[in-house]
Amino acid sequence: MSPRAGHAGHPPRTLAFVESPVQLLNVLEWAHLHGLRGAEQDPLPGSGPLPSVPVRRTAAGDPAPAGADLTVVVLSPTDPMTRGQLRRMADLARDEGYRVRWEDARGGPAAPFSTIGGLAGPLRRADRIVMGDPFSRYVQLLLTITRAKDLVVVDDGTATMEFVAQLARGERLVRWHRKGGRPGARDLLFAPVSSSARRRLTPSARRRVEVFSSMPVTETPDGVTVTANDFSWTRARFGPPRISKGADMVGTSLVETGVVDGEAYLEAVRHLSKTHGATRYFAHRRESAEKLHRLAAETGLEIVRPDLPLELIARRGPIGRTVLSFPSTVVHTLPLALAGTGVRVAVCDIDPTWLTENASPRAQGFLSGVTGTARDVHRLAAVSPA
């Protein structure tokens with residue numbers, strides 16, 4: 001984005017809000033592409049010492065890149081797996097020289113008031129806001145406070161595709177797996193804030209909007225700048241990985257979000273692992289312990305709980321020569337992160353019979369679109385139900 005976002009005499013002050021490890025990874029990718037410089041860091045409250053993650057640095061004495069400074073605000077969820085990955089990603093951000101501000105934004109009834117009150121000043125001073133999840137009620141509420149003229153949305157996985165499409169069509173912001181359902185009481189209560197956020201995310205003569213994404217964007221809203229994320233920071237810092245024989249499998253939270261039936265998913269994983277010789281299963285951070293225990297017991301797969309986003313885990317290696325996945329973000333991101341390594345990413349379609357009765361009417365079409373628009377992947381037929 002243009003450096004003119006700042007006031008005269010200082011570079012633009014950039015404030016980024018993240019709620020997941022993938023969002024923070026993509027903030028680092030965006031900052032790398034736009035040449036944002038590191039700065040003195042704020043302490044990370046309550047984190048304690050974090051284990052070191054090896055990164056390749058520039059040679060000593062290299063000039064700092066031109067651009068704006070960056071403060072990353074982590075709006076931490078309560079889920080232990082997500083918090084753990086966010087701690088590691090926060091460590092990487094600090095290694096890059098960026099400020100990190102950790103907020104226990106959901107740590108009790110008073111936490112949201114404390115968080116929003118503490119962020120009001122930085123929000124009003126920021127020239128540019130970067131966000132990973134425009135569907136987040138927390139982020140939408142924070143958008144009502146800021147005066148920033150530059151807004152950036154970085155990837156939050158496949159949800160980015162739906163966000164851009166909804167913005168282009170002027171629709172209210174609703175997550176794809178909830179679309180088609182009747183709005184609840186909380187949705188109606190929050191509707192004015194959501195409408196305000198959508199207006200602020202619509203470009204105007206006074207406001208610039210950028211979408212930074214590795215996802216295919218087919219409906220570009222008028223005035224929105226779309227910048228491609230090719231994972232250049234990840235490839236520069238990690239790898240190339242050691243390639244092992246056989247296959248690895250990537251898990252999904254489609255069961256946990258109520259889209260796919262649990263028994264159908266278990267059967268599909270069993271069939272794919274046997275057919276392709278998979279030995280490891282990289283669990284999604286939202287997958288339940290009960291489900292993963294069954295997968296291990298009934299398929300013999302080694303369950304791996306990654307401590308970083310899969311793009312970094314795969315790039316560091318070792319990784320299987322074939323990576324099996326269901327329709328998800330990784331069918332778009334892993335080919336970019338693993339470019340030039342020879343690793344094949346294969347995606348298995350979701351059979352319509354796997355969907356639950358509570359799944360959104362749009363679920364099958366959306367998931368098929370995720371697979372159909374993926375580049376550099378091998379497409380597998382859906383596993384027939386037993």
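Which residue just after H2 takes a positive phi? Gly97 does, with a phi of about 95 degrees. The model is predicted, so local features need pLDDT of at least 70 and side-chain atom pairs count only at pLDDT 80 or more, while totals for chains, interfaces and linings use all residues. Residues are numbered from 1 along each chain as its sequence is written, and side-chain values use heavy atoms, without hydrogens or water.

Let's stay with helix H2, residues 80–95. Helices here are DSSP runs (H or I, at least four residues), as are strands (E, at least two), numbered from the N terminus. With 16 residues at 1.5 Å a residue, H2 should span 22 Å, which agrees with the 23 Å between its end C-alpha atoms; the expected span is 1.5 Å times one less than the number of residues. Among its buried residues are Leu86, Met89 and Ala93 (buried means under 20% relative accessible area, with a 1.4 Å probe and protein chains only). The buried residues of H2 pack against H1 (21–34), strands E2 (69–75) and E3 (99–103), and helices H7 (232–237) and H10 (310–316).

Now look at H1 beside H2. Their axes are 9 Å apart at an angle of about 15 degrees, with axes fitted to C-alpha atoms over the stretch in contact and angles running from 0 to 180 degrees between N-to-C directions. The two helices are therefore roughly parallel (angles under 35 degrees). Pro21, Leu24, Leu25 and Leu28 of H1 meet H2 residues including Thr82, Gln85 and Leu86, where contact means heavy atoms within 4.5 Å.

Key. Buried < 20%, exposed > 50% of the residue type's maximum accessible area, 1.4 Å probe, protein only. Parallel < 35°, antiparallel > 145°, perpendicular 65-115°, else oblique.
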